Amino acid sequence: MTIVIGITGSIATGKSTVSKMLIDKGFTVIDADHLARVVVEPGEEAYERIIERFGNEILLSDGQIDRKKLGAIVFHDEEKRKILNVIVHPAVRQRMNEQKEAAIRRGEKVVFLDIPLLYESQLAQTVDKVIVVYADYETQLRRLIKRNQLREEEAKARIQSQMSIEHKKKMADAVIDNRFTVEETEKQLVELLQKWGISI
């Protein structure tokens, strides 16, 4: 029996840090963000549908989607964000399911799904347990401005486009507080896996 564990949080709370730790420990982590980039590559069905809805002006000179330009459109317009999600999310879910089933067939005891919008997309029921990677709003804002070189209002718009991290924290099976050092985060992760009987 394979245990499927969802990893979520909010933008700039540190999901990728925790996922990398799990990969380094030999676990399979299926990354929704990575797959969201794959399914919008030229030639993919989702790519064609995005161009139909948003026009050629969101393309770079090489035909790739300009993620920054598209992001600026959808983070400030909820209706357009919904349109994009309706196109991208089913394609990502299909790829995630394919990779999850492949891991189960390989006999892996535990599989992690890194899904930033796990709660927003009503995917909590598709996993056995949920880990929320937590950082408070002020930490999110500071990290996001620094990481993406955004103006404060742009960073706030991106954070506010997602469900509040405080709300997600209440729904989680476990919370990893990622406001401090990498070592402290890893210590919490190891303790949690041991508590759940997952051998490292």
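Me: Which helices each supply at least two residues of the lining of the second largest pocket?
Reply: Helix 3 and helix 5 do. Keep in mind that this is a predicted model.

Me: Which one gives the most?
Reply: Helix 5, with five residues.

Me: And what residues line that second largest pocket?
Reply: The lining is Val39, Glu44, Glu45, Ala46, Arg49, Ile87, Pro90, Ala91, Gln94 and Arg95. By class, that is five nonpolar, one polar and four charged.

Me: How much space is in there?
Reply: About 150 Å³.

Me: Back to helix 3. Which of its residues are buried?
Reply: Ala46, Tyr47, Ile50, Ile51 and Phe54, within a helix that runs over residues 45-54.

Me: Why do they end up on the same side?
Reply: Because they cover an arc of only 140 degrees around the axis.

Me: What's on the face turned away?
Reply: Exposed residues: Glu45, Glu52 and Arg53.

Me: What covers the buried residues?
Reply: The cover includes helix 4 (67-74) and helix 5 (78-105).

Me: What follows helix 3?
Reply: Gly55, with a positive phi near 85 degrees.

Me: New topic. What volume does the largest pocket have?
Reply: About 1500 Å³. It is lined by 46 residues, and the closest to its centre are Asp33, Arg67, Phe75, Pro116 and Gln162.

Me: Which helices each supply at least two residues there?
Reply: Helix 1 (15-24), helix 2 (32-38), helix 4, helix 5 and helix 6 (137-148). The largest share, eleven residues, comes from helix 5.

Me: How does that lining split by class?
Reply: The largest pocket's lining has 19 nonpolar, eleven polar and 16 charged residues.

Me: What does the UniProt "binding site" annotation cover?
Reply: The unreviewed entry puts it on Ala12, Thr13, Gly14, Lys15, Ser16 and Thr17. From this set, Ala12, Thr13, Gly14, Lys15 and Ser16 are in the lining of the largest pocket.

Me: Where does Ala12 sit?
Reply: In the loop between strand 1 (3-8) and helix 1.

Me: Buried or exposed?
Reply: Ala12 counts as buried, because its relative accessibility is 8% and the cut-off is under 20%.

Me: What is Ala12 in contact with, leaving aside neighbours within four places in sequence?
Reply: Gln140, Arg143, Leu144 and Arg147.

Me: And where does Thr17 lie?
Reply: Thr17 is in helix 1. Its relative accessible area is 31%, so Thr17 is partly exposed.

Notes. Residues are numbered from 1 along each chain as its sequence is written. This is a predicted model: local features need pLDDT of at least 70, side-chain atom pairs count only at pLDDT 80 or more; totals for chains, interfaces and linings use all residues. Side-chain values use heavy atoms; hydrogens and water are left out. Buried means under 20% relative accessible area, exposed over 50%, partly exposed in between (1.4 Å probe, protein chains only). Helices (H or I, at least four residues) and strands (E, at least two) are DSSP runs, numbered from the N terminus. The arc is that of the directions from the helix axis to the C-beta atoms. Contact means heavy atoms within 4.5 Å. On a 1 Å grid over the protein atoms alone, a cavity is a set of points where a 1.4 Å probe fits but cannot get out, and a pocket is an open set with protein on both sides within 12 Å along at least five of seven lines; lining residues have an atom within 4 Å of a point. Grid points are joined across faces, edges and corners, and a volume is the space filled by probe spheres set on the points. Ala, Val, Leu, Ile, Met, Phe, Trp, Tyr, Cys and Pro count as nonpolar, Asp, Glu, Lys and Arg as charged, and the others, Gly among them, as polar. UniProt positions are given in the numbering used here, feature names are shortened, and annotations may be inferred rather than shown by experiment.
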